[in-house]
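Hello,

Here is the structure I promised to pass along. Have a look at it first, and my notes follow below.

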Amino acid sequence: MAYVIMLVLGFIGGALVVFFISMPARGKLAIEKQRLAANQRRLQETSDAARKQQETLEAREEDFRRRRTAFENRLVAYEELDQENAILKRDLQNIDVNLRKVELDRDLQRERQEAIDTRVRELGSRYLKESTKWIGRSLTSNNFAACKKRMIDVIERCCGIGFDISTDEEASLLAELKADFEKAVRTEFERQEQARIKAQIREEQKLEREIERELKQLERERVAIQAALEKALADTRSDHSEEIQRLRERLAEAEAKSERAISQAQLTKSGHVYVISNIGSFGESVFKIGMTRRLEPQDRIKELGNASVPFAYDVHMMISCDDAPSLENALHRSLHHDRINKVNPRKEFFRSDIESIRQIVQANHGEIQYVADAEALEYRQSLDMLDEDVDYIEEVYDSISEEKDAVLDED
């Protein structure tokens, strides 16, 4: 047992001696292990860096090979370049030849266009001049709007063929047309004034003859009444009998008529202004407004309703006044925009209503009696007439006409 203990103690002591003896070696070994570990780490880092560099080099090599392949694909052989250069030279020569030809054609086209433009200007100027003359010759006092439209059409045609007309020149042409129209109107007014004067002279002469006949008739009537009055006074020897009183009244009436006829002959502006309509000829709301100096104004209405219109006129107003032209002019001016014929203001037909006309007459003359609704008897009867009645009337007229023709043949 002791031996064992001694052995164990010896073993432990040996181990301690060995331990203490090997301590320096173990320290060096630990240091060496640390150095080896550091070297190993550095070696690993160097390996990793080398691997990354290797990868970078491989990528660059791959990029280089790709670029080289692309470059080799773009390489062209000298023979191909030479052939292509020859083709380009040939093409350039052809282009140069074609360009010179185009330039020559352009110059030739420019010369032709200049000649065409010159010809267009000549023809356009001649056409405009001739058209302007023609329009001027055809211009009257009644067709200004139509001539103006023709002038504008001519200007548009000139512009359409390349003969440009400036705005100032167009305005000048239209202004000249207006000036010519004013001259035509003045000429027409002068002509109509001369005709009016002649017609007025004829009317006055006719009026004088009518007044003279009227005066002669009134004088014969006055003489007859005077003789009858003297005979009645001689027979009855009384100034208060009914027959004598009646004869004196007739004598006074005859003398008054003579005085009125003489007074009317002395008044140069006295007359009648009439407002008439003809529904069968012109339709509803169309009135003719004029004047007459006839002693019997209905004679003028009958003349207007002669064969030139299918039906007789209906009288809405017959206004006796001392200054008939002034009243007629006032009516015409107030109804200017209601004229049927807007081209010729001398026409006396208006589209209006009888109440408007009455108000104008009232403002310029005073209250008057008037007929609002037209009778239009023949027109309305014509609308309602049966065909058999139309045939019968035609037969009667034909029969009477044949009888008169037979009588004339016998004569």
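Arg 300 and Glu 303 form a salt bridge, with 3.5 Å between the closest N and O atoms. This is a predicted model, so please read every value here as computed from it. Arg 300 and Glu 303 sit three residues apart in helix H7 (residues 297-304), which means about one helical turn separates them. Arg 300 is partly exposed at 27% relative accessibility, and Glu 303 is partly exposed at 32%.

Helix H9 (residues 354-364) holds another pair, Glu 355 and Arg 358, three residues apart and separated by about one helical turn. Their closest N and O atoms are 2.7 Å apart in a salt bridge. Here Glu 355 counts as partly exposed at 31% relative accessibility, whereas Arg 358, at 16%, counts as buried.

In helix H2, Glu 122 and Arg 119 also lie three residues apart, about one turn of the helix, and their side chains meet in a salt bridge (3.5 Å, N to O). Elsewhere, a network of salt bridges links Glu 61, Glu 62 and Arg 65. The structure has 14 salt bridges.

H2 (residues 78-138) packs against H3 (residues 144-160) at an angle of about 175 degrees, the axes being 10 Å apart. H2 is therefore roughly antiparallel to H3. The residues of this contact comprise eight nonpolar, four polar and two charged.

As for the whole chain, the secondary structure comes to 11 helices and four strands, and 21% of the 411 residues count as buried.

Best wishes

Technical notes
Residues are numbered from 1 along each chain as its sequence is written. This is a predicted model: local features need pLDDT of at least 70, side-chain atom pairs count only at pLDDT 80 or more; totals for chains, interfaces and linings use all residues. Side-chain values use heavy atoms; hydrogens and water are left out. Axes are lines fitted to C-alpha atoms, for helices over the stretch in contact, and angles run from 0 to 180 degrees between N-to-C directions. Helices (H or I, at least four residues) and strands (E, at least two) are DSSP runs, numbered from the N terminus. Angles under 35 degrees count as roughly parallel, over 145 as roughly antiparallel, 65 to 115 as roughly perpendicular and the rest as oblique. Ala, Val, Leu, Ile, Met, Phe, Trp, Tyr, Cys and Pro count as nonpolar, Asp, Glu, Lys and Arg as charged, and the others, Gly among them, as polar. Buried means under 20% relative accessible area, exposed over 50%, partly exposed in between (1.4 Å probe, protein chains only). A salt bridge is a side-chain nitrogen of Lys or Arg within 4 Å of a carboxyl oxygen of Asp or Glu.
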